[in-house]
Amino acid sequence: MHGPASPGWLLVALCAATGAYCLLRMRSTVEEQRRAAGGEALMGFGMAAMAVPAAVLTPPRWAWLVYAAVFGTAALRALWAARAGPHHLHHLMGAFAMAYMAAAMAAAPGHHHGSGSSGTPLLTTALLLYFIGYVLLSGVRLVSVPVLAVDGGGRTGSPSWGDRPELAHACRLSMGIATVAMLITL
């Protein structure tokens with residue numbers, strides 16, 4: 001992505017740490033949580049790879065096309081999963097946003113996508129508004145998440161690291177913030 005190197009490396013670290021925690025969440029005893037964590041790990045590591053500052057590494061056009069294909073496939077999977085419940089729609093939006101950013105970078109490598117007289121594209125603005133709203137709402141939700149959770153056997157107590165709801169919400173919030181940052185620098 002375009003932008004200064006220092007914030008880019010911080011974004012890489014944030015996304016990689018989020019992806020690593022999502023891998024830990026895949027050890028959960030709750031099947032739905034394991035499935036969601038797998039998709040979120042893909043998003044975290046993919047975002048980390050895409051956020052590497054262009055001054056350090058400028059991927060070839062084909063790499064952006066691969067990113068677009070991977071995230072486009074993830075978006076189609078999320079669309080299919082959305083039939084089961086609306087909570088999958090956010091995964092659809094996240095994967096679509098990543099596919100869109102990768103396609104934009106493939107179409108205009110080395111150029112600032114939003115520059116010129118045309119201004120910011122309408123789709124970028126719509127995605128920014130969605131993710132800013134998501135980040136604000138997630139921040140409010142994070143404040144109200146209980147620290148104790150019920151495990152698979154119906155017992156309450158201190159959950160394992162993979163089953164901590166407040167950490168799962170914090171990961172989703174981190175990825176939302178990273179998406180906003182990446183859309184701004186697009």
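## The second largest pocket

In this predicted model, the second largest pocket has a volume of about 300 Å³. A pocket here is an open set of points on a 1 Å grid over the protein atoms alone, with protein on both sides within 12 Å along at least five of seven lines. A volume is the space filled by probe spheres set on the points, which are joined across faces, edges and corners.

Its lining has 15 residues, and Arg 35, Gly 39, Arg 77, Ala 78 and His 91 lie nearest the centre; a lining residue has an atom within 4 Å of a point. Helices H2 (31-50), H3 (61-81) and H4 (89-107) each give at least two residues to this lining, with the largest share, 8 residues, coming from H2. Helices are DSSP runs (H or I, at least four residues), numbered from the N terminus. By class, the pocket lining holds 7 nonpolar, 4 polar and 4 charged residues; Gly counts as polar, and Asp, Glu, Lys and Arg as charged, while Ala, Val, Leu, Ile, Met, Phe, Trp, Tyr, Cys and Pro are nonpolar.

The largest cavity has a volume of about 130 Å³. Its lining includes Glu 40, His 91, Phe 131 and Arg 172. H2, H4 and helix H6 (165-185) each provide two or more residues, and H6 has the largest share, with 4 residues.

## How to read the values

Residues are numbered from 1 along each chain as its sequence is written, and side-chain values use heavy atoms, leaving out hydrogens and water. Because the model is predicted, local features need pLDDT of at least 70 and side-chain atom pairs count only at pLDDT 80 or more, whereas totals for chains, interfaces and linings use all residues.

Technical notes: On a 1 Å grid over the protein atoms alone, a cavity is a set of points where a 1.4 Å probe fits but cannot get out, and a pocket is an open set with protein on both sides within 12 Å along at least five of seven lines; lining residues have an atom within 4 Å of a point.
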